[in-house]
Amino acid sequence: MIDDGHRAAWQGLEQLFPLSGSALVVGITGPPGAGKSTLTDRLVQLVRQQGRSVGVLAVDPSSPVSGGAILGDRIRMNRFTLDEGVFVRSLASRGHFGGITPATRGAIRVMDAMGRDVVLVETVGVGQDEVDIARLAHTTIVVAVPGLGDEVQAMKAGILEVGDLFVVNKADRPDADKTAVQLENIFRRTAEGGWRPPVLKAQALHDVGIDEIWQAIEQHREYREQASPAYRAKQHANCLLELRAFLQQGLQAELAQRLDTEPEIRASVDDIVSGEADIYATSTRMLHKLGLTPPPDSDLG
Amino acid sequence: MSENLTRSGIDLQPVYGPSAPSADYQEQLGDPGEYPYTRGTRAYTGQGWIQRELSGEGDAKRSNEQFKYLMDLGQTGLDVIGDSPTMSLMDPDHPLARYTVGTQGVSLCSHEDYRQLLDGIPLDEMSVSSSSPSMFMVASLYLVAKERGISPAALRGSVIEWPFYSENCSYAYKMPFDLHLRMSCDVIEFCSQEMPRFHGFLEDTYFFSEAGLNAVEEAALGFVEIRHIVRTLLERGLDIDSFAPRIAILTNCSMDFYEEIAKIRAMRRIFARMMKEEFGAKDPRSQAVNIAVHTSGLSLTTEQPANNIVRGAVQTVALGLAGVSALEISTFDEGYRTPSKEAHMVGLRTQQVVDIETNINSVQDPFGGSWFMESLTDEVEEKVLAMVEDIESKGDPAELVSSGFFKQFFHGTMGRFHHQVHDGDVQKVGMNVHQVPAEQDTLLRDISEEKIAPLFDRIELLKAFRAGRDQEALLAAFQRLHDVVQSDENMVATVIECTEVGATMGEIAGILRQAWGTPYDPYGYLESPLDGAR
Amino acid sequence: MSRIRVLVGVLGMDQHELGAVGISKMLRDQGMEVIYTGCFNTPKSIVATAIEEDADVIGISSHSWEYLYYIPELLDLLAEKDLDIPIVLGGSVITDEDAATMRARGVAAVFGSGSVVTDMVDTVRSLVAGEPAS
């Protein structure tokens, strides 16, 4: 239900609110082939070794043509399928380019309320909007691969702002150091009191660097708990963006329903089509009727 | 005056060629046994190819009986294949293995199994080839030879190395590519030192080409793998001539009669030139590669199984003409099951009929000099070389493996094959042409459709075996293996030590994975024996 | 908007994925969400996944005889957990006789060799709609 975006699901989620809020939410994003799924698997292993439970949300893109999707990320961590301490849910991006749908927030809350200590959200990481993941996660990891070369400079500004932690995976490759240095240079200019994203090297496949990544996540938690002005400003901005997304979703759902049922709206269409009514005037009048705007200024007629 | 005459009393010379060989002839062809070995790796011997049928079913004891049955029927070499769990480095008591133990090959996991498998086999006389994980076959062969007082240096046969394509073609080791490559190179190096008559590197192009590849694609992918492994061994500081003489190839054979002959000839020439010109091999044995063949299972049909006997015969003729070193026919019941006794016999008899009754072995490379065959050989060679270059231009082959390039490739070829058959582009007698209604298609059906039951008993016996071992010695051996894997030392000797104290294949494979930083059991069911102890 | 969620997987040691991948693509192109579990599944892992993912249908692709043992186990496990998720079984080694056995045992639909992939997709749709498979 949450998946399908029903507002009715919101009520259920409201009820979960008191039960939630304790899970550590970590986002994992980056280009395809960077090794995100392998890293997720190793982080799951680490969390389990700590004796804690984990939920994983794996988001894959929906086909823009058919709306369907093949959700195959869970294969990479299928050794945990029978471990009750690991809950994996696959989600389709359903048209949201960054992979974060309103459903993702709901799913996180459910996992949180279920008692999962850690929730990992693995997203598609293509397109400008992967910034979305940062709104929902406490800490966002951006996974990069060596060989980006000068592409690091060209990397979409959005993704560089999003990352709280950068991991150069497959670090056994010859250009790993170069890529790491390039990334470090970008963050050298972090403002006073801000969080300077660490750039770590890892080989997720060989279990190298995973402990260090977890340490960085813990350090970030300490930073967050200090609630510096820079951090609070960021939180506010994220929340505003998300609230807007929720309201938009709600409004659109409501509007869709009204368009279907409100007789005056349906009637006015005929008038517009026949040329008797002006679409601008009609829209202005309808918005007022829906209670969203003050009455149209009749002087402007 | 040769020893071979036609029925009418006409002399057959061992080789036919130009009376005054031109420079072009020397460069492109050469006589059999002469660089670039297009016409054959050895000069005329009068012997045909090594005749064998792929065997392996049930437990080691049953497969040993199969060997003896086949030897009685006249096979001159041995080849055995592991069951699904064995091929994936899984012991039969792994939860996933349950319903395939012994059903598609022999179940092998401990040294005791190999002892039983090789019981009564004259290891110093018979060539023992296997399609089962090389590390373990080599370790146990070595131990069995020593136990019997045979010098490992006398052992002949081959093991397959397939780090590139096994993960995507039904024999997933679930190991990172670089670990699998390390295992292969360690085995090849070990064999070159301890078992110099044994082929530690058989490049098997058969198994992956059954994913619908054509002759050019098959050869190209085979060479990509050979080249990468050779380069890796050279990077270790090994001399090319120390291991290259014991590289051999096992190819497929489809029904495309002429092309399969051209493929074999082209592969011999490509290999020779590559070895000499690119890798600097000086030993002629490094340049001349033995090519064995397993006929294509994909070329057979489940409809009208008797037609498969004909297919096997035709393929045998093609391969006899091409001059291969060993041959296995896919049996007529291949579509359903591992070979029945009857099918095994038919396979061997097919080879024997062709070998003995046709004079085929009287003349080497009879197609040599044919305008057609030389043109076809040249074209196949050209296309193969172009494809190898194309693949290698895409980057480090190891990267291609990890990135899923080959997986995509195989999916593409399988889809292509499926469509070709479905749409009738490829005609198969009995399947999409000259069909008979199912109820009339009875010839050889009862043999073909017999199913083999999984060996549940063996799973039980394994429990007792595990409990009866010296746990302390095992643990110490595992710890040593773990450390060796993380060093640069060749791991085969330590694997032999582990095998001696009763370690099973699944355990050893798990320790290898663990030492490499990946999960002991990638399927998530088993715990490492080292974890409890730490 | 509601989307049909189909779990697709291969059981046991069977490593032939082509059929499973092919049907997954078809289902996706028809607007469904496929939870692709790949190879090396057991009845237990299929059921655990179906629960986590709220699968509407379970699709098993089989090219080895293992399905004869695994499918009854899977059916029993689903019943044990009170899960009313239909199973669609497809594969080239399934004889007409064995297909009938599977159907009698409780498999909603069986597609042996020579089956048309579009038929499988239509069947999935009608099963989710609550209609019996033809």
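Chain B holds 22 helices and 11 strands, where helices (H or I, at least four residues) and strands (E, at least two) are DSSP runs numbered from the N terminus. This is a predicted model, in which local features need pLDDT of at least 70, side-chain atom pairs count only at pLDDT 80 or more, and totals for chains, interfaces and linings use all residues. Residues are numbered from 1 along each chain as its sequence is written, chains are lettered from A and ligands numbered from 1 in the order in which they are written, and side-chain values use heavy atoms, with hydrogens and water left out.

The C-alpha trace of chain B spans about 75 × 60 × 50 Å along its principal axes. Of its 534 residues, 59% are buried, meaning under 20% relative accessible area, with exposed over 50% and partly exposed in between (1.4 Å probe, protein chains only).

One helix of chain B can be followed in detail. Helix H5(B) covers residues 134-147, 14 residues in total, and its first and last C-alpha are 20 Å apart, close to the 20 Å expected at 1.5 Å a residue; the expected span is 1.5 Å times one less than the number of residues. Is H5(B) mostly covered or mostly open? It is mostly covered, with 12 of its 14 residues buried. Among them are Phe136(B), Leu141(B) and Tyr142(B). After H5(B) comes Gly149(B), with a positive phi near 75 degrees.
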